[in-house]
Amino acid sequence: MSRLPDVTRAWTSFARAGLLGLLTALTFASLTFAGAACAEPPVWIVRDKDSEIVLFGSIHILPPGLNWTPPVLDRALKAADDIWFELPIDAQTEAGTAQLATQVGVLPPDGSLFHMLSPQDAALMSKVAQAYDVSPVLLDRLKPWLAEIALEGGAYRKVGADANDGVEKTIAAMATPNAQRQAFETPAQQIDLLSAGTTAQQIASLHETLKEMDEKPDEYQVLVKAWMDSDIPTLDREALEPLRKASPDLFRRLVTERNAHWTQVLDARMKGHGHTVVVVGVGHLIGPGGVPARLRALGYSVTGP
C-alpha cells in the first residue's frame with residue numbers, strides 16, 4: 001500500500017501517547033490557557049506504613065509551552081525507586097508498535113472503510129478528514145480503530161501538539177537514572193485491546209470521535225483546562241462519558257478491566273516497601289472505578305482530588 005508509511009507515523013504518535021487520546025475523541029482549536037500556570041493537574045498519594053505511590057493522571061499529548069509539572073510530582077520523582085507507565089517509553093517500543101499496528105490495522109485489499117460506514121458517517125468522515133488534513137485515501141484503507149487514531153494524529157498536528165512535549169516523555173527524562181522503569185502493558189496488548197473489538201463497536205467509537213471533532217472544535221481546550229484545574233467532574237464528562245455511552249463493552253475492556261488489573265499490580269507493590277510513581281491516562285484515575293478508589297477500597301490511605 002503506497003500510503004502505509006502514513007499509518008506508521010500516525011501509530012507512532014499513538015504509541016507515545018497511550019490510549020487516552022482514543023478514549024476522549026480529542027479535537028483541537030487555538031489554545032489559550034489564561035491562568036493555567038497557577039493550577040496543577042491531579043495527583044493522588046497512596047500510603048501504608050512503609051510504602052508510598054504517587055499516581056499522576058496524564059493527558060499524554062500537550063500543547064507546547066504549558067507549565068504543568070506539580071511540585072509534589074517533582075519531589076516524588078527525585079525519591080522514586082520505580083516509575084510505572086502504561087507502555088515502555090523508548091524508541092524501540094515506538095517503532096515496534098507502529099509496525100505491529102500496520103500489520104493488524106489495515107483492511108484487506110478489497111476492503112473500504114467508507115463502504116463500511118453509513119452514508120451519513122462516510123460523509124462526516126470526509127468532512128472531518130478535510131478539516132484536519134488527513135488523506136481520505138489513507139482512511140479508506142484502515143480498520144475503524146486505526147482510522148480513529150489517524151484522525152487524531154491530524155488533529156494533534158493541526159495545533160502543533162506533539163508527543164515530544166507530552167507527559168510521559170517529559171517525566172521519563174525527569175526521573176533519576178536509578179529509578180527502575182516499568183510498564184503495565186506491552187504494545188501488543190494495547191493493540192489487541194483496540195483491534196479485538198467487533199466492527200460494530202469500532203464503528204460506534206469512530207462515530208463518536210467524528211461527531212466530537214466536527215461539533216466541538218474547542219474540546220481539547222476544555223479538556224486541558226479541566227486537567228490543569230484538577231476539575232474531576234469535567235474530566236469524567238469529557239474523557240470517559242463519550243466512550244461509556246457509545247460502546248459500554250469497549251469501555252469495559254479499555255477502562256474498567258485495565259483499572260482492575262493495574263490495581264492488582266499496585267496492591268502487590270504496596271505489600272513491599274519504598275517509593276513509586278505511576279503515570280497513566282487521567283481517565284484511569286477518576287471516579288468510583290478509577291485506580292485510586294479501588295486502592296482505597298483495599299484499605300490503603302489515599303489522598304487526592
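**View A. The largest nonpolar core brings together 87 residues.** In this predicted model, the residues with the most contacts inside that core are Leu55, Trp68, Ile171 and Trp227. If you are looking for the element that gives the most to this core, go to helix 8 (residues 144–158), which supplies eight residues.

**View B. Leu55 and its contacts from elsewhere in the sequence.** Here we set aside the neighbours within four places in sequence. Leu55 then touches Pro42, Val43, Trp44 and Val46, and also Leu266, Val278, Leu285, Val291, Pro292 and Leu295.

**View C. Helix 6 meets helix 11 in a left-handed crossing.** The axes of helix 6 (residues 119–131) and helix 11 (residues 199–215) come within 10 Å and cross at roughly 50°, so the two helices are oblique to each other. On the helix 6 side, the contact uses Asp121, Leu124, Met125, Lys127 and Val128, while helix 11 brings Leu206, His207, Leu210, Lys211, Met213 and Asp214. Sorted by class, these contact residues are six nonpolar, one polar and four charged.

**View D. Helix 12 and helix 13 also make a left-handed crossing.** Axes of helix 12 (residues 219–228) and helix 13 (residues 232–246) come within 9 Å, with a crossing angle of roughly 145°. Glu219, Val222, Leu223, Ala226 and Trp227 of helix 12 make the contact with Thr234, Leu235, Glu238 and Ala239 of helix 13. The classes here are six nonpolar, one polar and two charged residues.

Key. Residues are numbered from 1 along each chain as its sequence is written. This is a predicted model: local features need pLDDT of at least 70, side-chain atom pairs count only at pLDDT 80 or more; totals for chains, interfaces and linings use all residues. Side-chain values use heavy atoms; hydrogens and water are left out. Axes are lines fitted to C-alpha atoms, for helices over the stretch in contact, and angles run from 0 to 180 degrees between N-to-C directions. Helices (H or I, at least four residues) and strands (E, at least two) are DSSP runs, numbered from the N terminus. Angles under 35 degrees count as roughly parallel, over 145 as roughly antiparallel, 65 to 115 as roughly perpendicular and the rest as oblique. A crossing is left-handed if the near helix is turned anticlockwise from the far one by less than a right angle, and right-handed if clockwise. Contact means heavy atoms within 4.5 Å. Ala, Val, Leu, Ile, Met, Phe, Trp, Tyr, Cys and Pro count as nonpolar, Asp, Glu, Lys and Arg as charged, and the others, Gly among them, as polar. A nonpolar core is a set of buried Ala, Val, Leu, Ile, Met, Phe, Trp, Tyr and Cys residues joined through side-chain atoms within 4.5 Å. Buried means under 20% relative accessible area, exposed over 50%, partly exposed in between (1.4 Å probe, protein chains only).
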